[in-house]
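Biologist: I would like to learn how to read helices, strands and ring pairs from a set of coordinates. Please give the general idea each time and then the case at hand.

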Amino acid sequence: MAISTAPSQVATNALQAIPFSSMIGGPLKACIDAQAMAAKTTWDFIQEVGLTVDPETGEKKAVNVSFSFIQNGRTVQLNVPLLTIVPIPYIAINSIDINFKASISASSSSVTENTSSSSLDVGAEVTAGLKVGPFHMDAKLNANYSSKKDSKATEESKYSVEYTMDIAVKAGQDSMPAGLAKVLELLGNSLDVSDPNGTLEINASKLKQNERLIATYKNKDGLYESSAISVVEQQMDLQKDGDSVVLDLANVTPGTYTLKAGKQEVKFEVVASDNGGQNS
């Protein structure tokens with residue numbers, strides 16, 4: 001009897017029917033979607049936590065944390081961009097391990113058994129007598145015959161299919177993209193210590209009429225605010241020059257004047273020049 005190939009064929013078909021594409025591609029796609037979600041989380045965090053929108057202009061500005069402390073015997077204010085002091089979530093998948101194991105087993109067996117037997121017995125079941133002259137002879141014959149034949153055929157087939165898959169995904173805080181790192185570096189460099197009442201500075205406290213007064217003012221947030229500078233005693237034509245204001249003293253009467261900006265005041269003195277107040 002030939003061994004059946006049906007189990008082998010069934011096992012082969014079972015192996016071919018395993019959805020390798022979905023079993024391996026599914027976890028990969030899930031990891032890609034998770035990475036995209038992590039990137040969006042980072043972007044949402046920066047937008048919602050680190051930036052603020054001006055309701056009038058719609059301009060986005062970095063959120064600053066400001067607090068006061070004592071430095072060199074005076075109260076100063078520290079302005080720090082929030083994004084530089086809080087950890088920005090930037091999770092990245094570092095590796096994906098997919099371990100797949102398929103176990104297919106099949107077997108078939110066939111057993112054929114033939115048994116035959118025969119026997120012959122001779123006995124005195126038949127009796128015969130013969131007399132010849134003075135001699136007499138008796139004979140008894142017993143004859144038995146049997147025959148036996150057994151046949152047995154057995155066929156056994158079995159198969160099993162098993163497949164398992166282990167997935168290990170490793171993720172962690174990844175290094176930031178170069179662009180984001182540069183932004184944080186620039187924000188870090190913008191860290192500034194300022195006076196809660198603002199800072200007003202001039203180029204000199206005593207000036208001649210042929211010279212110019214140059215003044216700069218930083219408000220409590222550390223921002224230049226030249227438009228806040230004015231002369232207390234009289235209206236003077238202060239010209240904006242970058243982050244500063246400039247005042248030509250040629251037509252200013254000699255005397256002491258007060259420059260004011262915010263809560264700060266600085267006095268300066270104008271004296272006559274050597275050529276009678278004319279520009280040299």
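Modeller: What follows goes through helices, then strands, then a pair of rings. This is a predicted model, in which local features need pLDDT of at least 70, side-chain atom pairs count only at pLDDT 80 or more, and totals for chains, interfaces and linings use all residues. Residues are numbered from 1 along each chain as its sequence is written, and side-chain values use heavy atoms, with hydrogens and water left out.

Biologist: What span should the 12 residues of helix α3 have, and what is the distance between its end C-alpha atoms?

Modeller: Helices (H or I, at least four residues) and strands (E, at least two) are DSSP runs, numbered from the N terminus. The expected span of a helix is 1.5 Å times one less than its number of residues. For α3, residues 178–189, that gives 16 Å, and the end C-alpha atoms are 16 Å apart, which agrees. Helix α2 has 31 residues and should span 45 Å; its end C-alpha atoms are 44 Å apart, which also agrees.

Biologist: Where in α2 does a kink lie?

Modeller: The bend at a residue is the angle between axes fitted to the seven residues ending there and the seven starting there. In α2 a kink of about 25 degrees lies at G26, shortly before the proline P27.

Biologist: Which residues of α3 are buried?

Modeller: Buried means under 20% relative accessible area, exposed over 50%, and partly exposed in between, with a 1.4 Å probe and protein chains only. An α-helix has 3.6 residues a turn, so residues three or four places apart point the same way. In α3 the buried residues are L180, L184 and L187. They cover an arc of only 60 degrees around the axis, which puts them on the same side of α3; the arc is that of the directions from the helix axis to the C-beta atoms. A178, L186 and N189 are exposed on the other side of α3.

Biologist: What do the buried residues of α3 pack against?

Modeller: Contact means heavy atoms within 4.5 Å. The buried residues of α3 pack against α2 (20–50), β2 (60–62) and β4 (74–81). Helix α2 has buried residues of its own, including M23, P27 and T42. T42 has a relative accessible area of 5%. Leaving aside neighbours within four places in sequence, T42 is in contact with I88, P89 and Y90.

Biologist: Now the strands. In which sense do β8 and β10 pair, parallel or antiparallel?

Modeller: Two strands pair if DSSP finds at least two bridges between them. Strand β8 (residues 199–202) and strand β10 (residues 212–218) are antiparallel, with 4 bridges, and E201 stands opposite T216 in β10. Strand β10 is also joined by 5 bridges to β13 (residues 244–248), again antiparallel. There R212 stands opposite D248.

Biologist: Is T216 buried or exposed?

Modeller: T216 is buried, with a relative accessible area of 18%. Beyond neighbours within four places in sequence, its contacts include E201, Y224 and S244. By contrast, S227, in the loop between β10 and β11 (230–231), is exposed at 68% relative accessibility.

Biologist: How many aromatic pairs are there?

Modeller: Rings of Phe, Tyr and Trp (its six-membered ring) pair if their centres lie within 6.5 Å; planes under 30 degrees apart count as stacked, over 60 as edge-to-face and the rest as tilted. The count comes to 2 aromatic pairs. The rings of F67 and F69 have centres 6.4 Å apart and planes at 45 degrees, so this pair is tilted. F67, at 41% relative accessibility, is partly exposed, and F69, at 28%, is partly exposed as well.
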